[in-house]
Amino acid sequence: MESKKEFFLECYKLGIIKFGRFTLKSGIESPFYVDLRPLASEPKILKHLANYLLEMLPLDNFDVICGVPYAALPMATAMSLESYIPLIIKRKEAKEYGTKKLIEGIYKSGQNCLLVEDVITSGKSLVETIAEVENEGLKVSDIVVVLDREQGGKQLLQEKGYHVHTLFSISEVVEILKEVDHLTEEEVLRINEFIAGNKIEFKEEKRLSYEQKLENCEHSVGKKILEIAISKQSNLIASADVTTTKELLEFAEQVGPHIVALKTHIDIISDFDSDKTILPLKDLATKHNFLLMEDRKFGDIGNTQELQYRGGMYKISHWADLVTSHVIAGYQSIDCFMNSGVIAILSMSSKGALTDQNYRTEALKIVETHPNIIGCVAQNKVPANVLLFTPGVNISSKGDDKGQQYNTPEHVFKNLHTDFVIVGRGIYKAENVEKSAKLYKLESWNAYLKSL
């Protein structure tokens with residue numbers, strides 16, 4: 001393969017960079033214009049480009065490759081063919097018919113996806129693409145880019161924890177072209193001045209503080225959990241996945257001082273008794289100032305849900321401050337939860353989950369408008385008026401053997417704008433439950449403060 005400089009000059013012959021005066025989409029006048037789409041018409045060059053990009057990467061880290069539409073799609077395809085890493089295709093927007101998929105191809109939830117981009121400027125399109133890819137249950141740790149315009153996008157993504165690999169920078173290619181007399185000193189000076197003076201700051205929507213959310217919250221239970229969070233400086237919900245009343249009460253006593261809510265699966269308590277299980281549990285909730293969250297995940301028609309909620313041996317409506325529910329049965333199915341705040345299940349991360357983009361879009365309409373719903377469980381950002389509850393957080397597992405770091409408090413608060421983390425095994429399986437709960441409380445609260 002020829003040198004990197006020689007390779008660029010071959011690409012340059014295709015007219016991928018033009019110099020002069022160009023008005024960009026932003027309205028800024030630029031002394032250069034980049035369009036890498038002609039590369040797709042030269043198979044030999046495209047093949048070499050794919051190999052140059054692959055050489056920069058730790059290939060064992062990736063399960064699938066995805067190009068940012070549209071210019072990067074042929075590049076990603078060539079990389080897939082050269083590396084044998086499966087390709088997936090992201091659409092600009094989901095189809096309005098058929099499967100209504102946003103991402104086409106074969107992939108599994110939890111797999112690591114390498115993103116391929118042709119040019120990076122502000123980083124906005126990549127931030128949006130990452131969110132959409134992660135919406136589908138995939139994870140992104142690395143992005144490979146052919147050309148960096150050096151206007152702030154690479155730095156933005158690196159600050160968010162992503163590894164950005166760039167083949168060329170605009171400064172580098174300008175220097176190459178100067179060396180072969182394609183650019184004059186005056187042109188180089190004008191380009192460098194433009195780069196230095198036109199850093200684009202992509203302003204993301206800032207997350208709201210608990211105090212700000214409290215001002216806008218209308219549901220009494222939503223207000224209560226926010227007030228507890230502020231007073232205890234905690235955003236931790238501990239999952240009590242235990243099977244006896246004794247274990248449940250001991251666990252609640254140990255974690256109570258550090259949590260805003262205790263999440264129960266009351267139907268797995270083998271010796272459940274309303275007087276011996278629920279009454280002392282409510283006393284502990286009062287003593288340590290936390291809410292009771294029954295993770296029932298209701299998912300039936302309204303009439304059946306009301307019977308499950310109010311009746312039977314568990315009488316959930318008598319004691320649960322919060323309940324989880326699917327919205328699969330529609331808006332009116334949530335009407336029955338009058339005594340509790342509802343946390344809706346917007347999406348699931350399990351393999352083969354059917355909560356696709358179309359479902360989430362329709363479900364979010366219910367989440368945002370139903371007065372009984374205070375928040376939701378989701379794997380992505382949600383509107384600021386909805387409280388986001390994120391399960392699966394574990395600070396002892398910083399990642400897996402593929403370099404993942406997506407279940408830490410820092411990630412979920414900074415990138416997803418999570419409001420509350422739900423921790424299970426990280427606490428109830430710990431040797432010292434109380435110590436672990438305190439650690440999660442501190443780590444998660446600090447992550448929240450850093451995200452503001």
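## A pair within reach: Arg 21 and Glu 29

Arg 21 and Glu 29 form a salt bridge, with their closest N and O atoms 3.1 Å apart. The model behind this value is predicted. The pair qualifies because a salt bridge needs such atoms within 4 Å. Side chains of opposite charge can pair when their charged atoms come close.

How open are the two partners? Arg 21 counts as exposed, at 60% relative accessibility. That label applies because exposed means over 50%. Glu 29, at 45%, counts as partly exposed.

## Two links between helices H1 and H6

Glu 172 forms a salt bridge with Lys 4. Their closest N and O atoms are 3.3 Å apart. Glu 172 sits in helix H6, residues 170–179, and Lys 4 in helix H1, residues 4–12. The two residues are 168 residues apart, so this pair links distant parts of the chain. Glu 172 is partly exposed, at 30% relative accessibility. Lys 4 is partly exposed too, with a relative accessible area of 31%.

Which residue pairs with Lys 5 in a salt bridge? Glu 179 does, with the closest N and O atoms 2.9 Å apart. Glu 179 lies in helix H6 and Lys 5 in helix H1, so the pair ties together parts that are 174 residues apart in sequence. Glu 179 counts as partly exposed at 47% relative accessibility. Lys 5 counts as partly exposed at 34%.

## The wider set

How many salt bridges are there by this rule? The count comes to 18. Salt bridges that share partners also join Arg 207, Lys 213 and Asp 419 into one network.

Notes
Residues numbered from 1 in each chain as written. Predicted model: local features only at pLDDT ≥ 70, side-chain atom pairs only at ≥ 80, totals over all residues. Heavy atoms only, no water. Salt bridge = Lys/Arg side-chain N within 4 Å of Asp/Glu carboxyl O. Helix = DSSP H or I, 4+ residues; strand = E, 2+ residues; numbered from the N terminus. Buried < 20%, exposed > 50% of the residue type's maximum accessible area, 1.4 Å probe, protein only.
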